[in-house]
Every structure is written in structure tokens, then in C-alpha cells.
Amino acid sequence: MSVRAAPPIRHLQAGGHAGVEYVSVDMRSPVPGELVVRPQITLISPGTELHYLRMARASGERFPLGYCAAGEVVEVGPRSPGFSVGDRVIAMGWGRAVHGTLVWVPHRLCVRIPDHLDPAEAVVANLTATAVHALDRSGAMEGEHALVVGAGIVGLLVAQVAASRGLDVTVVDNDSARTEAVDAMDRSAITAADWNKLAAHPTGGTRRHVFMCISGDGTAALHEATDWAVRGGPRPVITAVGRFVASTKFSVDHGNIDYRVSARCGEGYRDNDYELGHKQIRVPSREGTVTENLHWALRLVEDGLVSLSGMQIYEGHFDRATEAYAALHRSTAWTSARLAYGGDDD
């Protein structure tokens, strides 16, 4: 009787001038603090991944693609407490939870999925942790007003997390297809507007927060958002979440404004010793570690306070991933894409 060979392990990468390509990866045992996960679904983060694809095509370099996965634990490394083979988990991390048929992820970047939750829904928690961290960094509080600039997937997740914390949320985007997604979410605390409508907002009232969830040249948007922010209550906060370039005019006429940068998804991310459980870290007040933020994000998904419902999500398959990236490149109406595993060529 012949024994069927194990299928090859494949990962996606930004393959230099050629664009997206598959690469073969050798099987290995997990190091202490690491889990081996077989993804069932992965989520494309367009802002980050299309950015690296552009870099790769221009420079010829190669970069791993993906950092949001949900699947099953197939092997548990030493000193990875709280996990067992067969657990369903969300897994994240650049260069870790990549788009691939098998991935190696530090246990502190993984959270077990509740039994009743579909991995296709749970996978958004990875990117939602970025939104949780952004809200924490802003210091926004219940009853205040939030303006989310940019209705891509990160902007829509920031809007939902802000609404879950009792903020009145407005989303602006120059792309009408994107703002239609805001209305489709059917969240009473979140409305879509354009800059002209924002100009009609009354002055005074509560403190205003701006979340810049955009890419490219953000100078004009930052100027508009600043003008809106300073017409509210005292000391507005502008938090940069996206990957963009902008210049601004600092003026005493604006009064006191706090500018903040929210990088990634929490303290400890990109710290290998923390991620693998080799050390503890101290976190600023009102903020969380990446592990804590992943737990909070998954709870928001479980409670229905954050979801992909109403968003334009391209549904693809790992074996045809190039089609998904092409769709995201062609149309900004797609806010993201999910890649399913198994079934086709497996």
C-alpha cells in the first residue's frame, strides 16, 4: 500500500518585480513559545500588503505577505501555556501568521476562538487589535466625537471600536464606494459625511478626536480634519493610524492640539522575546499589550460590536491569491479580501 506524501508547505510573498508568488517552506519543529498553526482563513490587509507589493516591484526585493490568520493548532512548542493541539485560534504577526498552508506563530500572538464563532468572522480580530490600540492611544472617552478619515478596512474597524466605547462617530472618505460601506454597516452611532457636511457641524461641545486612517499624501485631509477638530471642545487629539505623508501648519490660532501616532496593535508587538513569552513588559496607563488587545478585539467580534458585515470583502482562495490582490488593486470598493484554504488543490 502506497503512503500519500504530505503536501508541500507554501507561503505567499511579494516576489520582486514579478509581484505575488508562492514559495516552498521546509517543515520544522516549533521553538519554545511557538505554535504551529494550519490556517483555515487569512485576511489581506490592503494598506500594508499593497504597499509592500509596490516596494517589491520597484526594488526587486522580496517580502512576506500577510499577518492575519485563523486556523487550527497542529503542534505546540515547549513553554506555550494555555494551548493544545486541535485548538482553533486567531494568529497574527508580520512574517509569522503569513498567508500560507502552515505557519509558525509565537503563542502570545495567538488567542483561542470561542467554540460558537466562525474562524471567517474571528480572523478580523487580528486587525481589530490595531483599532483597539488606536483608541487607547487617543485617550478618547464616552460621549466625545470621533472623526475617522479614510473608510478602508482599518478606518471602518476604528469606527466600530470607537462606537463600541460610546463615541459619536463620523467617517469621511473621498471615495463614494467606500462611504457606501459605512451606511451598509447599519450602525446608528456611525455616520458617513463629506467635508462640506462637516463644515456645518456646530462649534463647541465635547472634545473632538481625529483618526487618520489613510495612505499616500494626506496633507489636504489633515488640514480639513484639523479645522474641524479645533472647532469643538478643548484640546482636540489627532491620531495617525495609517501609512501616509502629510505636512501641517502649526499655529497658536488653533490653540492646544495633541498629535499622536498609533503604531501597530499594542506594546510587545515586534518584540521577539515578549512574543515568545521569554520576558514581561510594562505598558503605559490605559494601553494594553498586543496579547491583551487581541483578547479585547476577539471579544468585540464575539459580542457583535465589530464585524465585516456590510463591507465589500473579496472572497478568494489561497491557490488563486493573485486574483484577490488584482481585485484589490483594480477597485477601491473592496476594503479587504479573505483567502480560504483547503478544497481546491489540497
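This is a predicted model: local features need pLDDT of at least 70, side-chain atom pairs count only at pLDDT 80 or more; totals for chains, interfaces and linings use all residues.
Start with the helices. Two packed helices are described by the angle between their axes and the distance between the axes. Helix 3 spans residues 124-138, and helix 4 spans residues 153-164. They pack at an angle of about 65 degrees, and their axes lie 9 Å apart. The crossing of helix 3 past helix 4 is right-handed. Helix 3 brings Val-124, Leu-127, Thr-128, Ala-131, Val-132 and Leu-135 to the contact. Helix 4 answers with Ile-153, Val-154, Leu-157, Val-158, Val-161 and Ala-162. By class, that makes 11 nonpolar residues, 1 polar residue and no charged ones.

Turn next to the cysteines. Take Cys-110. Its closest cysteine sulfur belongs to Cys-68 and is 12 Å away, so the two are too far apart for a bond. Cys-110 is buried, at 3% relative accessibility. Cys-213 is in no disulfide either. The nearest cysteine sulfur to Cys-213 is that of Cys-265, 15 Å away. Cys-213 also counts as buried, with a relative accessible area of 10%.

Which residues does Thr-335 contact, leaving aside neighbours within four places in sequence? They are Pro-46, Ala-151, Ile-153, Leu-156, Arg-178, Met-311, Gln-312 and Ile-313. One of them, Ile-153, also belongs to the helix 4 side of the helix contact.

How values were computed. Residues are numbered from 1 along each chain as its sequence is written. Side-chain values use heavy atoms; hydrogens and water are left out. Axes are lines fitted to C-alpha atoms, for helices over the stretch in contact, and angles run from 0 to 180 degrees between N-to-C directions. Helices (H or I, at least four residues) and strands (E, at least two) are DSSP runs, numbered from the N terminus. A crossing is left-handed if the near helix is turned anticlockwise from the far one by less than a right angle, and right-handed if clockwise. Contact means heavy atoms within 4.5 Å. Ala, Val, Leu, Ile, Met, Phe, Trp, Tyr, Cys and Pro count as nonpolar, Asp, Glu, Lys and Arg as charged, and the others, Gly among them, as polar. A disulfide is a pair of cysteine sulfur atoms within 2.5 Å. Buried means under 20% relative accessible area, exposed over 50%, partly exposed in between (1.4 Å probe, protein chains only).
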